[in-house]
Amino acid sequence: MKPVQVDLPDKLAAEITALVQAGWFRSEDEVVRLALLEFVRRRRFELAEHFQREDIAWALRQKKETKT
(Lines give C-alpha, C1' and ligand atoms only; values in the text may rest on other atoms or scores of the structure.)
Protein backbone atom coordinates (compact mmCIF):
# COMPACT_ATOMS: atom_id res chain seq x y z
CA MET A 1 0.00 0.00 0.00
CA LYS A 2 1.02 3.57 -0.55
CA PRO A 3 0.78 5.87 2.48
CA VAL A 4 -0.99 9.20 1.94
CA GLN A 5 -1.19 12.05 4.41
CA VAL A 6 -4.43 14.03 4.51
CA ASP A 7 -5.35 17.11 6.52
CA LEU A 8 -9.01 17.05 7.58
CA PRO A 9 -11.20 19.70 9.14
CA ASP A 10 -11.49 19.15 12.89
CA LYS A 11 -15.20 18.35 12.72
CA LEU A 12 -14.73 15.65 10.08
CA ALA A 13 -11.77 14.17 11.95
CA ALA A 14 -13.90 14.02 15.12
CA GLU A 15 -16.70 12.25 13.22
CA ILE A 16 -14.24 9.68 11.89
CA THR A 17 -12.84 9.11 15.37
CA ALA A 18 -16.36 8.68 16.75
CA LEU A 19 -17.15 6.04 14.10
CA VAL A 20 -14.06 4.07 15.10
CA GLN A 21 -14.78 4.41 18.82
CA ALA A 22 -18.36 3.26 18.25
CA GLY A 23 -17.00 0.10 16.63
CA TRP A 24 -18.20 0.74 13.10
CA PHE A 25 -14.62 0.60 11.77
CA ARG A 26 -11.34 -0.86 13.03
CA SER A 27 -9.31 2.29 12.37
CA GLU A 28 -9.42 5.81 11.00
CA ASP A 29 -7.37 4.56 8.05
CA GLU A 30 -10.12 2.08 7.23
CA VAL A 31 -12.78 4.82 7.25
CA VAL A 32 -10.78 7.00 4.86
CA ARG A 33 -9.88 4.06 2.60
CA LEU A 34 -13.50 2.95 2.30
CA ALA A 35 -14.75 6.51 1.78
CA LEU A 36 -12.30 7.05 -1.08
CA LEU A 37 -13.11 3.70 -2.60
CA GLU A 38 -16.83 4.53 -2.56
CA PHE A 39 -16.19 8.01 -4.01
CA VAL A 40 -14.19 6.58 -6.89
CA ARG A 41 -16.73 3.80 -7.50
CA ARG A 42 -19.63 6.24 -7.66
CA ARG A 43 -17.84 8.93 -9.66
CA ARG A 44 -15.75 6.80 -12.03
CA PHE A 45 -17.97 7.27 -15.10
CA GLU A 46 -18.63 10.93 -14.37
CA LEU A 47 -14.90 11.59 -14.04
CA ALA A 48 -14.12 9.63 -17.22
CA GLU A 49 -16.72 11.61 -19.13
CA HIS A 50 -15.32 14.88 -17.79
CA PHE A 51 -11.80 14.01 -18.95
CA GLN A 52 -13.09 12.85 -22.34
CA ARG A 53 -14.93 16.15 -22.82
CA GLU A 54 -11.75 18.05 -21.93
CA ASP A 55 -9.80 16.00 -24.46
CA ILE A 56 -12.40 16.64 -27.17
CA ALA A 57 -12.43 20.37 -26.43
CA TRP A 58 -8.63 20.44 -26.65
CA ALA A 59 -8.69 18.60 -29.98
CA LEU A 60 -11.29 20.98 -31.39
CA ARG A 61 -9.19 23.98 -30.31
CA GLN A 62 -6.14 22.44 -31.98
CA LYS A 63 -8.10 21.85 -35.17
CA LYS A 64 -9.41 25.43 -35.16
CA GLU A 65 -5.93 26.88 -34.58
CA THR A 66 -4.43 24.92 -37.48
CA LYS A 67 -7.13 26.22 -39.85
CA THR A 68 -6.43 29.89 -39.06
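**A close look at the helix pair**

Reply: Happy to! The side chains of R43 and E46 are joined by a polar contact of 2.9 Å (a pair of N or O atoms within 3.5 Å; within protein, one able to donate a hydrogen and the other to accept it, with sequence neighbours counted only if both atoms are side-chain atoms). Keep in mind that this is a predicted model, in which local features need pLDDT of at least 70 and side-chain atom pairs pLDDT 80 or more, while totals for chains, interfaces and linings use all residues. Numbering runs from 1 along each chain as its sequence is written, and side-chain values use heavy atoms, leaving out hydrogens and water.

R43 sits in helix α2 (helices are DSSP runs of H or I, at least four residues, numbered from the N terminus). With 29% relative accessibility, R43 is partly exposed (the range between buried, under 20%, and exposed, over 50%, with a 1.4 Å probe and protein chains only). From R43 to L19, 24 residues away along the chain, the C-alpha separation is 24 Å.

Helix α1 (residues 10–21) packs with helix α2 (residues 28–67) at an angle of about 115°, the axes being 9 Å apart. The two are therefore roughly perpendicular (65 to 115 degrees). On the α1 side, I16, T17, L19 and V20 make the contact, and E28, V31 and V32 do so on the α2 side (heavy atoms within 4.5 Å). By type, these residues are five nonpolar, one polar and one charged.

A18 also belongs to α1, and at 39% relative accessibility A18 is partly exposed. Between A18 and E28, 10 residues apart in sequence, the C-alpha distance is 9.5 Å.

Finally, look at E30, another α2 residue. Its relative accessible area is 15%, so E30 is buried. The E30 side chain reaches the backbone nitrogen of R26 at 2.6 Å.

Definitions and conventions. Axes fitted to C-alpha atoms, helices over the stretch in contact; angles between N-to-C directions. Parallel < 35°, antiparallel > 145°, perpendicular 65-115°, else oblique. Nonpolar A, V, L, I, M, F, W, Y, C, P; charged D, E, K, R; others polar.
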